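Q: I would like to learn how to read the features of a protein model, one at a time. Could you take me through some of them?

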There are 2 protein chains.
Amino acid sequence: MNLPAIVSGRNCLFTLTGRLAEIEDFDLSAVVQPEPLPPIVTAGNGDKQNDREIVSGRNVHTTCLEVTEPEANDEFTGDKDAYMASVLARYRESLMERTKYHLGYPFNLDFDYGALGQLQHFSINNLGDPFIESNYGVHSRQFEVGVLDWFARLWEIEKNEYWGYITNCGTEGNLHGILVGREAFPNGVLYASRESHYSVFKAARMYRMDCEKVDCLISGEIDCADFKAKLLANKDKPAIINVNMGTTVKGAVDDLVLVIQTLEESGFSDDRFYIHCDGALFGLMMPFVKRAPKVITFKKPIGSVSVSGHKFMGCPMPCGVQITRMEHINALSRNVEYLASRDATMMGSRNGHAPIFLWYTLSRKGYKGFQKEVHKCLRNARYLKDRLHDAGISSMLNELSSTVVFERPLDEEFVRRWQLSCQGNIAHVVVMPSVTIEKLDDFLNDLVGKRSTWYQDGEAQPPCIAADVGSENCACASHK
Amino acid sequence: MNLPAIVSGRNCLFTLTGRLAEIEDFDLSAVVQPEPLPPIVTAGNGDKQNDREIVSGRNVHTTCLEVTEPEANDEFTGDKDAYMASVLARYRESLMERTKYHLGYPFNLDFDYGALGQLQHFSINNLGDPFIESNYGVHSRQFEVGVLDWFARLWEIEKNEYWGYITNCGTEGNLHGILVGREAFPNGVLYASRESHYSVFKAARMYRMDCEKVDCLISGEIDCADFKAKLLANKDKPAIINVNMGTTVKGAVDDLVLVIQTLEESGFSDDRFYIHCDGALFGLMMPFVKRAPKVITFKKPIGSVSVSGHKFMGCPMPCGVQITRMEHINALSRNVEYLASRDATMMGSRNGHAPIFLWYTLSRKGYKGFQKEVHKCLRNARYLKDRLHDAGISSMLNELSSTVVFERPLDEEFVRRWQLSCQGNIAHVVVMPSVTIEKLDDFLNDLVGKRSTWYQDGEAQPPCIAADVGSENCACASHK
């Protein structure tokens with residue numbers, strides 16, 4: 001095979017020879033290009049957006065860190081080590097900066113897993129089923145099942161009645177839950193509100209399922225009147241329903257009780273529907289909210305619940321928890337050849353570190369710790385909403401939610417600085433445990449200050465967002 | 001919500017109060033149940049096996065580590081911290097032991113990522129497309145694209161002609177590659193040899209594709225005569241083919257040249273087939289084998305290649321690399337609503353640590369380092385095969401492979417100790433860079449010693465495995 005010549009772009013490094021110890025005094029920007037703020041994106045947030053334009057050619061190739069071939073004498077000179085250390089130090093600095101100014105994504109960035117550093121030396125892999133040991137010994141199933149039990153208790157299902165596993169992210173949970181539903185009802189129609197996460201519609205396409213997009217209320221909740229109309233139009237086919245426990249953009253919680261009631265009223269009995277709850281963010285928070293009327297529980301006729309592990313809990317890498325009823329998995333594993341030996345997860349090899357991170361956090365914080373954090377988030381979200389309102393900025397905060405929706409800042413530089421998610425004319429801040437009052441004050445002061453310059457000459461006007469948040473929450477010229 | 005009473009099984013810990021510093025002297029087994037060897041599995045290896053019995057009720061619940069609620073005064077007493085430290089110390093010990101005796105899975109357990117420990121404090125997430133920045137700033141796309149470029153060069157495709165991403169594991173790569181193929185040919189038939197990884201057949205089921213299982217030669221390679229017969233039986237429909245670069249059990253490499261020739265001979269032109277190469281293990285090794293005639297290259301009409309990152313390279317968590325042609329991704333992102341903004345990965349949130357691990361390894365070792373390691377593995381595999389042969393034990397080693405297949409040890413305790421993968425009457429050892437001659441000698445001495453006792457009274461006979469490895473490699477009573 002012909003390999004192209006090895007590119008060597010590290011000449012500036014050769015001055016470093018033998019000066020490894022002085023690396024901290026070295027001007028890192030001479031070695032590594034400073035990472036620019038991400039380019040302006042015309043609309044949307046990348047993870048969660050259905051209607052963003054397709055941007056082609058905005059290629060990270062311009063800023064990427066090439067893998068460079070070691071020189072023959074690197075071991076002797078230490079040049080390569082010095083180069084790598086400088087890249088990593090520079091990168092770490094940018095991560096610290098970016099972590100400081102982060103408000104838009106529902107990630108709890110406040111965690112301390114120092115005690116787990118010792119495990120990074122091991123290739124921990126929970127391949128296959130969490131409940132069945134494989135011959136590969138370097139695994140962490142004992143932690144994984146401990147975590148699953150904790151969630152089973154939270155969502156009220158007995159140990160011998162559930163099956164579940166730690167996923168790689170919320171999307172994997174949705175893909176799994178909907179697949180379980182489809183296997184239960186091969187000709188079922190998938191129903192999901194328009195504001196559902198895009199992975200739900202991706203599942204429909206992947207699995208070749210008929211899919212009905214259901215309208216939403218202003219809050220972002222599923223509109224059960226439209227749901228009913230669509231159910232009646234497909235009444236001969238079983239229903240597979242994705243119910244949102246915290247939509248991506250508005251943090252809206254679908255009314256599970258009303259969804260089940262609508263199914264019954266439309267003539268769908270228990271044995272003709274499957275409900276998957278996408279609890280991405282609020283699946284963990286809601287059980288701790290007093291009198292939350294729509295709480296997730298397996299005492300209701302739901303089939304599966306998924307939640308992200310890196311969101312409210314905080315985790316260095318994305319992960320999630322998926323819980324379903326054992327009967328569905330048993331049915332699957334009897335039916336299909338590829339599930340022999342209960343190959344019931346989406347993936348084969350599975351990250352064994354994530355369960356240990358989750359186990360560690362759950363054990364340290366406990367139910368009480370989470371309760372305290374949930375209340376703090378809801379309180380801080382209310383604070384942000386009130387301060388925005390006082391400043392005359394359109395905003396909305398759903399009940400049971402810590403996602404504050406508000407008028408999209410005019411300046412994209414500002415959006416990128418605070419890493420806000422945007423869609424059309426709205427932006428949001430998701431108040432996580434790592435978002436303190438101080439951080440919110442910094443953000444508010446920055447916003448109010450900058451905003452006064454954006455609109456000072458009267459040429460531009462703050463947008464009307466009544467269609468997104470309702471006229472009572474809109475503070476535009478015609479609604480205030 | 002009613003939560004069951006918090007279970008407190010940590011009474012033995014209370015003697016620890018205030019003695020955190022003495023934790024190393026503490027008898028850990030009093031706190032944590034020692035983890036037993038995994039239970040005996042009747043046939044197979046859990047990750048890679050199609051025909052293992054379904055084992056229900058072998059539940060890790062018996063050994064799991066419960067998440068315990070902190071006590072009110074934990075912060076003051078330090079009891080909880082002591083408990084957690086003891087659990088982790090005990091776990092670390094078992095990981096070291098298990099890592100030492102590991103031969104059956106193709107994981108390189110020999111890595112040193114100490115320099116990357118500093119990054120564990122960050123929630124690094126490459127959500128969405130690797131080549132398009134999202135507003136979430138705590139990402140590692142610059143490393144990811146650097147790694148992808150390295151593989152693009154290895155597999156001979158230009159930077160502006162490929163698209164790819166770092167996956168969570170080999171399965172995700174296969175699921176992605178086959179989905180790309182299906183979107184290119186919606187009514188295509190999926191062809192894969194019987195010895196393909198189970199994720200290939202899982203994909204067929206998930207995606208509702210027609211699937212033809214093609215027979216294999218003794219070596220484990222796809223039988224192109226049978227392939228041709230099956231192509232001709234479906235000649236009106238386009239073909240999507242999974243080609244194996246190292247099968248799971250025998251490490252067999254499908255003959256890509258012959259596969260393409262068979263397609264042509266059966267009347268399938270370039271625009272009527274899509275080839276996905278499952279390079280799980282050998283996709284990275286083969287380019288370094290001198291005169292490998294069947295090497296992976298995008299100069300041939302293939303559509304995608306996937307490879308695992310935690311196998312030959314070694315990585316604390318499973319991961320993989322997926323490379324496909326840009327034209328397929330462009331076609332996808334134009335066609336489908338859910339791919340707006342190029343949602344072209346399987347998952348939404350993506351592990352940002354894995355790309356940094358890979359970047360670090362590739363940068364340190366380089367092409368030359370990998371070449372050296374590949375040769376060492378092939379040499380050591382040959383050594384193991386020869387020693388088994390000398391000891392009169394049936395065994396086989398495919399050309400271009402470091403997977404040594406041999407007679408399944410009679411004693412399941414032995415199988416579990418060395419964490420061997422088994423299928424029917426055969427077992428295998430995958431010689432990775434972490435498998436030294438010393439480790440192989442330990443294994444061989446243990447095997448030869450134990451084996452003499454298994455068969456000493458003449459009641460049991462070593463199994464005939466001619467059907468699996470060919471009569472020339474079988475050393476059973478009738479073939480030796």
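A: Let us begin with aromatic pairs: rings of Phe, Tyr and Trp pair if their centres lie within 6.5 Å, and planes over 60 degrees apart count as edge-to-face. The model is predicted, and a search of the whole structure finds 48 aromatic pairs over all chains.

Q: Which arrangement do the rings of A:F131 and A:Y162 have?
A: Their centres are 5.9 Å apart and their planes stand at 70 degrees, so the pair is edge-to-face. The pair links distant parts of the chain, with A:F131 in the loop between helix 2 (79–100) and helix 3 (141–154) of chain A and A:Y162 in strand 1 (residues 162–167) of chain A, 31 residues apart. Both A:F131 and A:Y162 are buried.

Q: Which residues form one aromatic cluster?
A: The cluster is formed by A:Y101, A:F406, A:F414, A:W418, A:F443, A:W454 and A:Y455. As for A:Y101, the charged end of A:R417 sits over its ring, 4.0 Å from the centre. Elsewhere, the charged end of A:R272 sits over the ring of A:F268, 4.7 Å from its centre.

Q: How many salt bridges does the structure hold over all chains?
A: Side chains of opposite charge can pair when their charged atoms come close. The structure holds 36 salt bridges over all chains, and one of them joins the side chains of B:D210 and B:K237 (3.2 Å, N to O). B:D210 lies in strand 3 (residues 210–214) of chain B and B:K237 in the loop between helix 6 (224–233) and strand 4 (239–244) of chain B, so the pair ties together parts that are 27 residues apart in sequence. B:D210 counts as partly exposed at 43% relative accessibility, and B:K237 is partly exposed as well, with a relative accessible area of 31%.

Q: Are B:R451 and B:E407, which meet in a salt bridge, buried or exposed?
A: B:R451 counts as buried at 13% relative accessibility, and B:E407 is buried with a relative accessible area of 3%. Their side chains meet in a salt bridge at 2.8 Å, N to O. B:R451 lies in helix 13 of chain B and B:E407 in strand 9 (residues 403–407) of chain B, so this pair ties together parts that are 44 residues apart in sequence.

Q: Where is B:K439, and which side chain of opposite charge is nearest?
A: B:K439 lies in helix 13 (residues 437–454) of chain B. This lysine is buried yet has no salt bridge, and the nearest side chain of opposite charge, B:D442, is 8.7 Å away. A polar atom of the B:K439 side chain does lie 3.4 Å from the backbone oxygen of B:T99, and the side chain also reaches the backbone oxygen of B:H102 at 3.3 Å. Leaving aside neighbours within four places in sequence, the residues in contact with B:K439 include B:L103, B:W418 and B:S434.

Q: Which side chain makes a polar contact with the side chain of B:D278?
A: The side chain of B:N174 does so, at 3.1 Å. B:D278 is found in strand 5 (residues 273–278) of chain B and counts as buried at 5% relative accessibility. Its C-alpha atom is separated by 6.7 Å from that of B:V307, 29 residues apart along the chain.

Q: What does the secondary structure of chain A come to?
A: It comes to 14 helices and 11 strands, and 66% of the 480 residues of chain A count as buried.

Methods. Residues numbered from 1 in each chain as written. Chains lettered and ligands numbered in written order. Predicted model: local features only at pLDDT ≥ 70, side-chain atom pairs only at ≥ 80, totals over all residues. Heavy atoms only, no water. Phe/Tyr/Trp six-rings, centres within 6.5 Å; stacked < 30°, edge-to-face > 60°. Helix = DSSP H or I, 4+ residues; strand = E, 2+ residues; numbered from the N terminus. Buried < 20%, exposed > 50% of the residue type's maximum accessible area, 1.4 Å probe, protein only. Lys NZ or Arg CZ within 6 Å of the ring centre and 35° of its normal. Lys, Arg positive; Asp, Glu negative; His and termini not counted. Salt bridge = Lys/Arg side-chain N within 4 Å of Asp/Glu carboxyl O. Polar contact = N/O pair within 3.5 Å; in protein donor to acceptor, adjacent residues only side chain to side chain. Contact = heavy atoms within 4.5 Å.
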